[in-house]
Amino acid sequence: MSTPGKREAADHAAAPAACGGLPGLWREAGLVLLSYVASAAALCWTFPEPSFWPLAFVCLVPWAVATCRTHRAWLAHWLSFFVGWGFFLVALRWLMPVTGLGYAALALYLAFYWPLAAWAIRTGRRHGISPLWTLPVVWVACEYLRATVMTGFPWLFLAHGLYRQLPLIQISDLGGAYGVSFLVALVNGVIVEGLLLRFAPPGARSGPGQFRVGLVVTAVLLVSTLAYGWYRLAQVDYERDPGTHGPRVAVIQHDFPLSSRPPYGDHPYVVLASYLSLAAEAAGQRPDLLALPETVWSAYQNIDFLEKREQVPEVRPGSWDWGMLAHRAVSGFARGDYSAVNAVIGELEQRLRELAAARRDSNLPDSLPRLPAVGGPPVTTLVGAVSIEQSPEATYPKVKYYNSALVYDQDGTQRPSRYDKNHLVPFGEFVPFRQARFLGFDLHWLYRRLNALSPFSHGGQLEYSLTPGSELTVFELPTGRGTYRFGTPICYEDATPRVIRRFVWDGWRRRVDFLLNISNDAWFLYSDELPQHLAICVFRAVENRVTIARAVNTGISGFIDPDGRIYAVVQKDGRRVGPGVVGYQLQPVYLDQRASLYGRFGDWLPQLCLAAAGLLWAGAVLERWVWRAKRRIATWLGKAAALVALAVPLSGCAGNPTTVQLTPQERLELENRAINLLLLAAESDLDDVSCNAIEALVKVAPRDGLSAFRKAVRSSAAIVRYAGLVALGEVRDRESLRLMTAAVNDASQHVRLAAAFAASRCGKDGYVRILIRALTDASDEAIRAEAAMLLGRLQEPRAKKWLQAAVRLPANDQSKRVRLAISGALAALGDEGGLRELINYSQGDPAARTDALLMLAELGHPEGRDALRYRLQGASEEYDEARLIAARGLGRLGYRDGFDLAMKLLRYTDPNPNPTPENPSRTFAVRSLAIHALAEIGDLRALPALREVAASQDDPRLQVAACYAICRLISKSPA
């Protein structure tokens with residue numbers, strides 16, 4: 001087993017770097033961070049505003065390439081998390097004015113999906129699955145989880161930046177917005193795989209099979225998507241086909257911003273009067289339905305509460321009075337009795353004056369807008385309000401609040417049926433754990449603490465949590481042209497795919513003819529939330545082939561047809577967003593009778609992606625924790641049994657160590673015990689122990705170790721994968737060819753070289769070119785030296801020609817390390833020139849001397865005897881490592897000159913009490929070299945001492961070396 005001489009301890013500590021080709025930590029971290037930030041910035045720019053949609057097709061590329069290429073998994077995961085957090089902090093910055101703590105916490109939670117995606121992509125690539133497949137699958141799975149977990153936050157999907165590209169988004173009626181995200185991520189994945197192939201280090205380029213298949217699949221899907229999109233867009237011409245025109249709907253938008261801090265916004269009296277005054281203008285055009293936004297004046301306005309009059313103490317004082325005034329005003333407006341409305345406004349005006357006098361508040365207005373005295377046409381009116389249900393007999397809570405949509409008919413009566421919002425926003429509309437129990441424990445204490453943190457609770461004094469509704473109410477709208485059905489999703493319900501789907505579809509049966517979304521986005525102060533909310537709503541229209549009208553306080557109000565076309569919005573001077581954008585839009589809603597696969601089957605695509613991604617995550621968990629824990633336990637148990645067995649003295653080892661004799665049965669038992677311990681060590685969690693055991697098994701029990709070699713190729717550690725592949729190549733295990741060819745795509749260039757070596761040893765043509773190209777073209781001298789060494793181990797005559805050609809390169813093109821490796825490889829292939837060069841190195845520069853001696857010792861060529869004997873006899877104690885290497889080489893040649901030295905140094909202890917990385921302890925290096933020297937000398941007198949080392953648990957690396965030496969001693973000694 002080759003051991004790197006005087007520098008062995010330091011080399012073992014740096015083993016992952018040597019076999020994994022790790023760049024410097026800070027350099028790699030800087031490159032990965034730069035790539036991740038580039039992706040996050042590009043992703044931000046894909047969403048409204050500015051919605052530069054072509055970036056969507058490349059925005060994940062820097063992140064995915066860096067994730068695949070980085071050697072340190074923890075670096076990819078942690079930087080993914082922190083950059084993901086930064087991305088969500090920037091993209092969701094409109095949440096900060098509402099709740100700073102909630103904004104930071106939400107971004108923190110969403111950031112976890114970035115390392116979750118990176119984890120699955122790296123797991124897939126480790127098993128030979130290209131990121132061109134895993135990237136779309138995992139990204140869509142994470143989007144689905146974001147839309148589902150903890151009630152869901154389906155915001156900032158890859159698809160959302162493409163909301164204006166109608167041909168590309170028509171596939172939403174097949175797989176939802178998730179289908180568009182999948183396609184966009186697939187394009188990113190193809191580019192990622194192309195770059196990984198293009199910029200792989202020389203000699204490491206993998207076969208382009210998956211890339212070619214992915215390129216064809218992506219091209220077919222893109223063309224099919226566009227063809228399907230153009231086909232769907234050409235099916236119906238809503239503007240020219242009067243048969244698609246449904247009822248005329250008016251959506252009203254005023255400009256009343258809100259704040260989470262007092263005074264919160266304009267006075268509700270002002271809001272009510274202003275909205276009804278604006279609505280009267282729209283009512284003059286005789287719409288079939290007029291919609292006011294969600295809870296803009298916050299009155300408890302449901303008719304069953306108002307008719308009871310009684311209030312439990314938990315209801316805020318004055319709630320019934322204000323609710324009744326609002327009800328009277330809306331009722332008068334709906335029946336066209338504007339004098340009744342103005343009467344209510346007059347009462348509100350008087351109250352404002354009294355309030356201004358009492359508070360000495362000059363900011364309250366003296367007068368309120370009035371409606372035309374002549375009245376107007378009656379109109380069915382939809383209004384957002386708070387509904388309240390009282391339960392005096394209940395223990396807790398005695399009052400339930402709902403975010404509701406109420407309908408007033410043209411006779412001014414409020415319909416008894418209402419829609420209560422089903423899908424509430426956590427912390428914005430309810431605080432979790434209000435009545436929750438977990439394992440029998442009441443979690444109300446946690447609810448109280450969380451409620452106190454909310455900016456809406458006045459420091460915990462107010463319980464503002466709403467109760468979710470239980471039904472998706474369908475309203476009917478009678479008109480002169482027939483009766484239409486509509487639903488009223490409230491606020492962010494139009495952003496949640498599953499809610500809108502349930503509103504529109506019951507299997508293949510369409511429940512509604514159109515949707516009317518009422519919302520109040522005034523909390524977000526003319527920010528990017530407004531266009532983002534509109535963009536998301538576009539996908540709900542296409543997914544379900546339904547028109548959606550939107551009435552939103554501060555905007556954006558308008559209409560979206562079933563193809564996703566925004567055909568009318570409230571705007572001012574060309575602006576959709578900003579102060580002063582006030583008005584209304586009155587348009588016919590378009591009716592669509594087309595079916596929707598998404599409406600019928602729902603989230604089938606993201607669920608399939610989640611199942612596939614779940615397999616990757618489960619595989620990663622099994623590999624990282626479960627199987628490793630099982631292997632560790634099994635290793636401990638097996639190792640304990642093997643150590644006990646190994647420590648039991650055999651009769652032949654007792655007594656005088658100078659006369660050790662073993663019976664054939666004892667030889668067999670001892671050898672089997674040592675091999676069993678090596679097999680256990682090969683699956684150790686310590687990478688260097690595992691590698692040493694694998695290398696030992698190759699020499700003493702190659703067939704017994706086959707299973708361990710194959711397992712090593714699947715290890716998460718590059719150094720172990722390298723050792724396993726080299727071992728499979730040495731034993732020419734053709735049954736493992738698939739593992740070898742897959743490993744040619746490994747992230748580590750050293751592992752790729754080992755895979756090429758193994759495949760070449762097993763007779764696969766073409767793979768040796770990878771070694772040759774690395775030897776001649778690689779910029780890293782460690783890679784070139786490794787390629788030379790592996791070419792020498794191929795044991796093929798043609799390898800000599802390639803190595804000799806490399807030697808003839810100009811001296812300034814070869815480092816001493818590379819030239820030494822080439823000389824050693826040539827010597828192993830029987831080249832006399834290489835052998836002479838190796839002997840010269842062993843007597844020259846101290847920097848190369850140890851490595852040259854190691855090569856001579858491994859070679860066991862008689863020509864090296866004098867050089868080895870000179871080093872054994874002529875070196876001082878300062879160079880014990882070199883003397884032991886020489887003893888090892890002489891032992892291989894049949895000389896026992898170094899036996900006494902090796903026995904003496906087997907118990908060596910470094911006198912340096914404070915070793916450092918710059919001056920490491922020599923204890924392990926010296927003892928290990930002594931063990932290997934004894935293994936080659938082949939004197940059975942060393943057996944008791946070696947068994948003592950093997951049974952000791954001080955250093956598992958020495959145990960492995962001792963077990964190897966025991967096997968070698970038994971094989972070299974006469975039976």
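A: In this predicted model, helix 15 (residues 319–334) and helix 16 (residues 338–359) pack with their axes 7 Å apart and at an angle of about 150°. Because angles over 145 degrees count as roughly antiparallel, helix 15 is roughly antiparallel to helix 16. The crossing of these two helices is left-handed.

The contact itself can be followed residue by residue. Helix 15 contributes Asp321, Trp322, Leu325, Arg328, Ala329, Gly332 and Phe333.

The axes of helix 3 (residues 25–46) and helix 4 (residues 61–69) come within 7 Å and cross at roughly 150°. That angle makes helix 3 roughly antiparallel to helix 4, and their crossing is left-handed. On the side of helix 3, the contact is made by Val32, Ser35, Tyr36, Ala38 and Ser39; on the side of helix 4, Val61, Pro62, Trp63, Ala66 and Thr67 take part. By class, this contact has 7 nonpolar and 3 polar residues, with no charged ones.

In helix 18 (residues 497–504), the residues Pro497, Val499, Ile500, Phe503 and Val504 are buried. Viewed down the axis of helix 18, its buried residues fall within an arc of 165°, so they line one face of the helix.

Key. Residues numbered from 1 in each chain as written. Predicted model: local features only at pLDDT ≥ 70, side-chain atom pairs only at ≥ 80, totals over all residues. Heavy atoms only, no water. Axes fitted to C-alpha atoms, helices over the stretch in contact; angles between N-to-C directions. Helix = DSSP H or I, 4+ residues; strand = E, 2+ residues; numbered from the N terminus. Parallel < 35°, antiparallel > 145°, perpendicular 65-115°, else oblique. Left-handed = near helix turned anticlockwise from the far one by under 90°. Contact = heavy atoms within 4.5 Å. Nonpolar A, V, L, I, M, F, W, Y, C, P; charged D, E, K, R; others polar. Buried < 20%, exposed > 50% of the residue type's maximum accessible area, 1.4 Å probe, protein only. Arc of directions from axis to C-beta.
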